[in-house]
Amino acid sequence: MTPRYYLLAATLTLAALLRLPGIAWGLPPVTEQVRQSDLRSSYAFDEDDILSGAAKASVSRLDFDPYEYHWGTLHGELTLIALDSAQALGAFQTPWRLAYYNLVGSDFTRVYIVGRLVAVAMALLTVFLLFLLDRKSVV
């Protein structure tokens, strides 16, 4: 391996270490008041809109339309695929849509974390793609 690949590995590791420790930060509390309010907003104010859009779509029906167009749809579609895949793999005791809308304890938290992991994966992919773009750099 060349020093360039060690630099890539170090950069990806640092990027992941900066993103993963706060993965559960600012989640809405699972309380009766929040459940009754019908708001599922975390400290990241648009996060619930991405999750609500993903909940409206369905991979099994080949319906990838999140009905939320403020941010583009790729992130919502990737989140939908990640959540449906996590559910198929048994990551949730309650179907993720029910866990999200009904604030079902730890499954509700897992819904947010899976959605956030999509953003982390896309950030790491961006770092890797920038590495590939810069073929001529000398390290």
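In which loop is the place of Val104? Val104 sits in the loop between helix H5 (96-102) and helix H6 (105-133), where helices are DSSP runs of H or I with at least four residues, numbered from the N terminus. The model is a predicted one, in which local features need pLDDT of at least 70 and side-chain atom pairs count only at pLDDT 80 or more, while totals for chains, interfaces and linings use all residues. Residues are numbered from 1 along each chain as its sequence is written, and side-chain values use heavy atoms, with hydrogens and water left out.

Val104 has a relative accessible area of 29%, and is therefore partly exposed, a term for values between buried (under 20%) and exposed (over 50%), found with a 1.4 Å probe on protein chains only. Leaving aside residues up to four places away in sequence, Val104 touches Thr94, Leu98 and Ala99, contact being heavy atoms within 4.5 Å.

A pocket is an open set of points on a 1 Å grid over the protein atoms alone, with protein on both sides within 12 Å along at least five of seven lines, and its lining residues have an atom within 4 Å of a point. Of the 14 residues that line this pocket, the closest to its centre are Ala44, Asp46, Glu47, His75 and Arg116. The largest share of the lining, four residues, comes from H6.

Definitions and conventions:
Helix = DSSP H or I, 4+ residues; strand = E, 2+ residues; numbered from the N terminus. 1 Å grid on protein atoms, 1.4 Å probe; cavity = no way out; pocket = protein on both sides within 12 Å on 5 of 7 lines; lining within 4 Å.
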